[in-house]
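Please open the structure in your viewer and keep the selection panel at hand. This tour goes from one selection to the next and says what is found at each stop.

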Amino acid sequence: MKAFYADHYVLPLPDGHRFPMEKYKKLRDLVSQLEGVQLENAPTVTDSQILYAHDASYLIKVLQGTLSPQEQKEIGFPWSTQMVERSRRSAGATLAAANIALKEGIAGNLAGGTHHAYRNKGSGFCVFNDSAIAARALQREVNPKLKVAVIDLDVHQGNGTASILENDASIFTLSIHGENNFPFTKEVSDLDIGLPDETADQSYLTALHQGLEMLEKRFKPDIMIYLAGADPHEGDRLGKLNISKDGMRQRDECVFQFGLDRHIPIAFSMAGGYGKEIQTTVDVHFQTIQTALQYQQRYR
């Protein structure tokens, strides 16, 4: 199973910054020891591909470093050349994984899931929206009739993705998230399931099964882009939900089984994870990759 990484593009962040930059290198180190996974350096997306999902005026500001202090504050990162390159490659990794998944069943991005980026602005540690870029690129470069489902199981609503794709009937957005969590003003996905604080395994998995059933009734995807956020986990300091590590494994199995049963390829990304202990987040992400590998071998 191919998995793409871009963790060697490290952002110069101030001391005490709450973004867990080091989790990506820790995750790749673990994955590199996993037999059956082929690690690949993430390619970069082109300007043209970014423009499938973003306004040219916003792209120019990112490339030229002319984002205002307020725009940088909303993104959560100070502008740097590393930020631009990492954001390009994070989106490139999801697109590359999607292209591979069409041939091999499942492929992954060891970062990505940058779902708070809007057409005309970044937000919440997200510069370019990798899922929206990848979905649109598949349709423009692989097959214009391709129907894409974005399954967003990060604990935060995929507001940027919902906004960018809101009038696009060829791409279905499903977000299962904490209702009382960031972003505090939600957008309208094709299907939103907002969960109360402290939701535990059984209620979460029931909501997921119901969400996938509703997706199937309303839409027949040719490929799924799966945001496997680690932040619904009980050990997350921002998540507010109470899902055990085993519950997170069952979540991943549910999504991968849904795809396998219907022969739908899946490109997955890591999305968020802000564990009180960073290793907790890394372990949840690693479990997702182990689960994906088990299912990818069954697509053959």
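Begin by selecting helix α8 (residues 201-218) and helix α9 (residues 245-261), which pack at an angle of about 15 degrees with their axes 10 Å apart. Helices (H or I, at least four residues) and strands (E, at least two) are DSSP runs, numbered from the N terminus, while axes are lines fitted to C-alpha atoms, for helices over the stretch in contact, and angles run from 0 to 180 degrees between N-to-C directions. The angle makes α8 roughly parallel to α9, a word used for angles under 35 degrees.

The model is predicted, with local features needing pLDDT of at least 70 and side-chain atom pairs counting only at pLDDT 80 or more, whereas totals for chains, interfaces and linings use all residues. Residues are numbered from 1 along each chain as its sequence is written, and side-chain values use heavy atoms, leaving out hydrogens and water.

Next, show the side chains where the two helices meet: among them are Y204, L208 and L212 in α8, and R251, C254 and F258 in α9, contact being heavy atoms within 4.5 Å.

Now select the open sheet of eight strands, whose order is β2-β1-β3-β8-β7-β4-β5-β6, with parallel pairing; two strands pair if DSSP finds at least two bridges between them. At the edges stand β2 (38-41) and β6 (191-195), each with a single partner strand, so one side of each has no neighbour in the sheet.

Within the sheet, select β4 (residues 148-152) and β7 (residues 223-227), which run parallel and are joined by five bridges; V150 has I225 in β7 as its bridge partner.

Conventions
Parallel < 35°, antiparallel > 145°, perpendicular 65-115°, else oblique.
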